[in-house]
Amino acid sequence: MKKMLFLAALILSGPALFAQRITIADLGSYKKMIPLDSLVFTVQYDVSILEDTEHPDNVTKETMILRVGKDVSEYYSYTSFMADSVLRADIQSGASQQTINEHLQQYGFGVISHRIYKNYPKGQLTLLDRIAMDNYVVEEPMLKIGWTIHPDTATICGYSCQKATTHLYGRDYEAWFTADIARSDGPWKLHGLPGLILKAEDSQKHYCFIASGIEQRKGLSLIEMPETSRRKISRKELNKLHERFNADPQGYIKVNAPNVKVTVKDEMGNDIRKMSNPYNPMELN
């Protein structure tokens, strides 16, 4: 069965072309959710990513959310979070394919495709990702990050924070955590400090996370995981797949998802027959 689930467009920005991600929705993942924990509070982070190091003025922006439960936390794109809510309602109500396609066009998905669960299962980090038509899961122990805490202080999001530094996956990071929120968590895979991390960036300033809001739970809300089939692979294997996909998304989809037709157009409506995305991985080793 042939499917066309997402239409990508190219946007001209400065001297280079930057592509929206080609995302093929897994509609089956919205049928059943696995409850993992009760939500306690949510942190919103404004994330800046330098995807193309040859054009340092073109920075990609993404809003991410960290949903913190009693034991488990979930971190993923706010755009994807909103799309999930709408598509889940569509699937549960039996909406038409046309309605679903319209919502896919309207909401889209975030630039950051992965979803991270810390302390699920207990003591483990579970990362979910999707490339083309394939779902992947990476399961690894919660890494014990060797932080150095410094006396420097700053106020972020109204909270008194203290500076800490570390080296992780090939990058040097500076983070600011607040002991006023005694939860050892933070954006992405960062954790292990005596308080919540409200800001972090690598020394090259390729990746920057800064909290822009914290909201306590209102009513009953759950941290859930979509129930769908996934291929279990290693962290390094997944990073290699992202490298291949970004080098030639259309070619990758043609080989790995031949039953899917993807049309890519520029801002003038002309077909783009071959595109590539700049690739600056967060994990360098």
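Tyr76 counts as buried because its relative accessibility is 4%, where buried means under 20% relative accessible area, exposed over 50% and partly exposed in between (1.4 Å probe, protein chains only). Phe81 has a relative accessible area of 23% and is partly exposed.

The model is predicted: local features need pLDDT of at least 70, side-chain atom pairs count only at pLDDT 80 or more, and totals for chains, interfaces and linings use all residues. Residues are numbered from 1 along each chain as its sequence is written, and side-chain values use heavy atoms, with hydrogens and water left out.

**Aromatic pairs**

A pair of aromatic rings is described by the distance of the centres and the angle of the planes. Rings of Phe, Tyr and Trp (its six-membered ring) pair if their centres lie within 6.5 Å; planes under 30 degrees apart count as stacked, over 60 as edge-to-face and the rest as tilted.

| Pair | Centre to centre | Angle between planes | Class |
|---|---|---|---|
| Tyr76 and Phe81 | 6.1 Å | 75° | edge-to-face |
| Phe245 and Tyr252 | 5.4 Å | 85° | edge-to-face |

Phe245 and Tyr252 are both buried. One aromatic cluster is formed by Tyr76, Tyr78 and Phe81.

**Chain as a whole**

The protein chain contains four helices and 16 strands, taken as DSSP runs (helices H or I, at least four residues; strands E, at least two) and numbered from the N terminus. Its radius of gyration is 19 Å, close to the 19 Å that the globule rule gives for 285 residues, so the chain is as compact as a globular protein of that length. The radius is taken over C-alpha atoms, and the rule is 2.2 Å times the number of residues to the power 0.38. Along its principal axes the C-alpha trace spans about 55 × 45 × 35 Å.

Of the 285 residues, 49% are buried. Among contacts (heavy atoms within 4.5 Å) between residues at least 6 apart in sequence, 61% join residues at least 24 apart.

The chain carries 34 positive and 34 negative side chains, and the centres of the two sets lie 5 Å apart. Lys and Arg count as positive and Asp and Glu as negative, without His and the chain ends; each charge is placed at NZ of Lys, CZ of Arg, CG of Asp or CD of Glu.

**Thr42**

Strand β3 (residues 33–49) includes Thr42, which counts as buried at 16% relative accessibility. Leaving aside residues up to four places away in sequence, Thr42 touches Ile65, Leu66, Arg67, Gly213, Ile214 and Glu215.
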